Amino acid sequence: MATREETSNVEAFITEQGPIMSSVKHENGLTSAHTIDHDSWQQVGLLLVTSFNCGYILSFSNLMLVPLGWTWGIICLVVVGLYTAYANWLLAAFHFINDQRFIRYRDLMGFLFGKEMYYITWVFQYLTILFGNMGFILLGGKALKEINSEFSDSPLRLQYCIIITGAAYFLFAFLIPTMSAMRRWLGISTILTFTYIIILLVVLVKDGKSNKNKDYKIHGSKVDKVFNGIGAISAIIACNTSGLLLEIQSTLRKPAVENMRKALYAQYTAGLLVYYGVSIVGYWAYGSAVSTYLPEELSGPKWVKIVINFATFLQSIVSQHMFLAPIHETLDTKFLKLDESMDSKENIKRRFYVRAVLFSFNIFVTAAFPFMGDFGTCLDHFRSYL
């Protein structure tokens, strides 16, 4: 059994306790600049469905199915989908342990495994989120570049599109500071999501029927096939789970565990059906030659590519905000005045500076890497890290 000293050391990492102000002291003494116990499961479920069906799905055919082929690809999609759904279903119950509520992954890990695991979780979770946000910036920049290329024979460099995308993300994050505040945007996000997905599927089916020379072979040496297959499985896992379930769950009304599971049911039925569907249809339409970014291969009139890329760009703004929310929450809780409203004059100024520094760093790093000049090369580079 743990000694009293060991127990007190672990309990020190249960929550991040700062100076607790009356306006931000939530149930169980949790301190956060963001809202807790506020959202319905329908809102969170819709947020999950639309956020996971972001523009990333336009690369899934190439990233997940090309290295695995039909048989192993479908098996892995089904098995990993069921596994991650069950894992998240179980994890939702860890939101409460002995009546103690955990609103952050690192707090839970610190409580269960001690100080070292608290910091390890913090570092790896935030690195993953930051890299993912760089991917979102790249994704939005690629969509803008595709739109620009439809109107110009000498389109803007991808780096300029990345800067424009980062500026748009910054503006949204500044005006919509919390995950709960995204409520008003979910309707627009849903319309955007299904607009580009429906148009995309129609064109993919048309192209697939006319493409008679499809090749579904897995190319490369045995070593390449093994490592590419491992990367594909890693990508399937990444596309099925957010890595920030507790942070999302913290916004839910009581009963938080039951409501989180309802939201997960929406994600792993309606949501999964959509992005798995796009991945499978894209692979069926073009085979192993499918592009790393599906709109590059679409046939049809110019407006089709423009609408798909524009909807992808706008939807990526909403999606990246959900995935970056834990970092916003940490920075806001650290630097904002917790005894004042989120929209007070002082906190608006502080929020502007915090968001500006964060997105300036993301934009600089994303645009600076030389491999970012080509989207396909970037995906290959990203895959090598998986």
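Helices (H or I, at least four residues) and strands (E, at least two) are taken here as DSSP runs, numbered from the N terminus. The structure is a predicted model, in which local features need pLDDT of at least 70 and side-chain atom pairs count only at pLDDT 80 or more, whereas totals for chains, interfaces and linings use all residues. Residues are numbered from 1 along each chain as its sequence is written, and side-chain values use heavy atoms, with hydrogens and water left out.

Most residues other than glycine have a negative phi, and most peptide bonds are trans. The bond from Lys-254 to Pro-255, however, is cis, with omega near -5°. Pro-255 belongs to the loop between helix H10 (245–249) and helix H11 (256–286). Positive phi values occur at Asp-37, near 60°, and at Asp-99, near 70°; neither residue is glycine. Asp-37 sits in the loop between helix H1 (4–11) and helix H2 (41–52), while Asp-99 is in the loop between strand S1 (96–97) and strand S2 (100–101). For accessibility, buried means under 20% relative accessible area, exposed over 50%, and partly exposed in between, with a 1.4 Å probe and protein chains only. Asp-37 is partly exposed because its relative accessible area is 26%, and Asp-99 counts as exposed because its value is 68%.

Aromatic rings come next. Rings of Phe, Tyr and Trp (its six-membered ring) pair if their centres lie within 6.5 Å; planes under 30 degrees apart count as stacked, over 60 as edge-to-face and the rest as tilted. The structure holds 19 such aromatic pairs. One of them joins Trp-122 and Tyr-126 edge-to-face, at 6.0 Å centre to centre and with 80° between the planes. These two residues are 4 apart in helix H6 (residues 115–151), so about one helical turn separates them. Trp-122 is partly exposed at 24% relative accessibility, whereas Tyr-126 is buried at 11%. Ring pairs also link Phe-170, Phe-174, Phe-352, Tyr-353 and Phe-359 into a cluster.

A charge sits over a ring if NZ of Lys or CZ of Arg is within 6 Å of the ring centre and within 35 degrees of the ring normal. Arg-106 lies over the face of Trp-122, 4.5 Å from the ring centre, and the charged end of Lys-302 sits over the ring of Phe-151, at 5.6 Å from its centre.

Finally, Arg-351 in helix H13 (residues 345–368) counts as buried, because its relative accessibility is 3%. Beyond its neighbours within four places in sequence, Arg-351 has contacts (heavy atoms within 4.5 Å) with Phe-174, Pro-177, Asp-332, Leu-336, Met-342 and Asp-343.
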